[in-house]
Amino acid sequence: MNTANQVLKKPMELEISDRLAKKFRRNLIERGIEFLLLLAAMSAVFTTVAIVSILLYESYTFFEHVSLWDFLTDTQWTPLFADAHYGIMPLVSGTVTTAAIALAFAIPVGTIGAIYLSEFASHRVRETVKPILELLEGVPTIVFGYFALLLVTPLLQKFIPGLPTFNMLGPGIVIGIMVIPYIASVSEDAMRAVPMSMREGSYAMGATRFQTAIRVVTPAAISGIIAAYILAISRAVGETMVVAIAAGQQPNLTFNPMDSAATITAYIVQVAMGDLPHGSIGYQSIFAAGLVLMLMTLTFNLLGHFTRKKFREAY
Amino acid sequence: MVTVTTPLKAESRDLNFIYNGGIHALKGINMPLYEKKITALIGPSGCGKSTFLRCFNRMHDLYPGNKYQGQIVMHPDNTNVLDAGVDPIEVRMRISMVFQKPNPFPKSIYENVAYGLRVRGERNKRIIDDKVEEALKGAAIWDEVKDRLHDLAFNLSGGQQQRLCIARALATDPEIMLFDEPTSALDPIATANIEELMTELRDKLTILVVTHNMQQAARISDYTAYMYLGEMVEYGDTDRIFTNPTQKETEDYITGKFG
């Protein structure tokens, strides 16, 4: 009897403890994976926090020497000259002008391209054009820089006599070409996501393809389209190489596309590659400039966020 | 018994339809559509009733490779809406459609109803205002929305959205209105409202409705057609189809033995 009991009991006990052990191990693995996932998600947050704190810290040193008032109102940006001026506005004007030229060019072309690809192009055309567009996203920006300097500007000079070799128009257009794929591809995705039933409803009312695209599909996809614009604005404002190469690196307080100018990023690259000693005001100035750039893109992103919320359509 | 001859509004003559890919979805359909009457299409899923309905306003043209054979003739002008020379947009201006799931546009209530007029190029605000009000009244939704005409249509309930879609379809004075299972996404009360509305609309226009709900066909329609596997098995007065079908298949479907 005793032996029989043992035989009966032992496997059950074993089984329970075995299951418990498995559960413990499973929980451990689950927790471990969860932690890894959290770490991956937080890496972007940590990076952002680190960047912002360094920008703030280094800018603080800069603003100990230069007053915020001078920074915002001085019309000259000459940190590297003996007679140093620290007015950020010339860099802001250069950044705004090149980005505005780029967007004035890219938003219409990109949006029309997206409408064509989503609503008019045959399956075959779409499957050919979209990968090519996305390939354009992968071209290194330095290539675009020389494209602006050696091709676009000389071409423009044929139509606009007196256009200097270094100007904002050429690089602006080239940045526009660079961001067209972003606008076209992201907008097209948003438009394709509009349910077919909505298009059918429009056609059933006797609308043409064009009317359906403009009056129904575009408003239905507007939040995605605005997201595409925001992405493009951030790219255009942050673009460095094209303007550094083709716009002349001359901080001028001007909004005239024919003038040469420097943008915030072009200035940062110029200083970072120069031989200014760490800790000098000239060196610190790039952090202040970077902070302004970050505030600009942040503003655009927030604006985009709220417009998107306002236009968000649930269907 | 007095026989009143009802004029024909449209008829399909030996209609075949082949989907892109070769599926022969409709086989030699002949069916009249009487003016200011409700004709119901019933049959099990996949029998071709929605396909048939969508031939009337050439919805199949939206997808490449679909093929019609035969005719759908509209009276009194004898236009074959399937003729390659007939502009599908003109067809859709005469024959409007209400879908299975309410599909309002991402616009205000007002703009949804005005849509058909706007795509026709109507610019006169007073004409549009009048038409919108008339259509919303016709769709029995005016009282519910008259104070918020400029709200987004998505804020309406499902039943209200469907009535809005009916108003949208009404605003352009169509001759025929197609309903593709208009109540299948709605609750019973909203369904009852839509059904009542359809019987009211019968005074103004000709209705062709696809329905999965046999009671609905029996309640609202004047004529019923039973379809199965792309063929029209039986067509006749609704009363007769439901009380005394001549075909065994129809009887089996109606009594619930099959389907």
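User: In which sense do strand β3 and strand β8 of chain B pair?
Analyst: This is a predicted model, where local features need pLDDT of at least 70, side-chain atom pairs count only at pLDDT 80 or more, and totals for chains, interfaces and linings use all residues. Residues are numbered from 1 along each chain as its sequence is written, with chains lettered from A and ligands numbered from 1 in the order in which they are written. Strands (E, at least two residues) and helices (H or I, at least four) are DSSP runs, numbered from the N terminus, and two strands pair if DSSP finds at least two bridges between them. Residues 38-42 (β3) and 206-210 (β8) of chain B have four bridges, and their sense is parallel.

User: Which residue in β8(B) stands opposite Thr39(B)?
Analyst: β3 of chain B covers residues 38-42. Opposite Thr39(B) stands Leu208(B).

User: Which strands are at the edges of the sheet in chain B?
Analyst: The open sheet has six strands, in the order β6-β7-β8-β3-β9-β10, with mixed pairing. Each edge strand pairs on one side only. They are β6 (95-98) and β10 (231-237) of chain B.

User: How many residues of chain A are in contact with chain B?
Analyst: Contact means C-beta atoms, placed from the backbone, within 7 Å. Chain B gives 20 residues. Elements giving two or more of them are α2 (88-94), β6 and α3 (109-119) of chain B. The number for chain A is 18.

User: What is the handedness of the crossing of α3(A) and α6(A)?
Analyst: A crossing is left-handed if the near helix is turned anticlockwise from the far one by less than a right angle, and right-handed if clockwise. The crossing of α3(A) and α6(A) is right-handed.

Methods: Contact = placed C-beta atoms within 7 Å.
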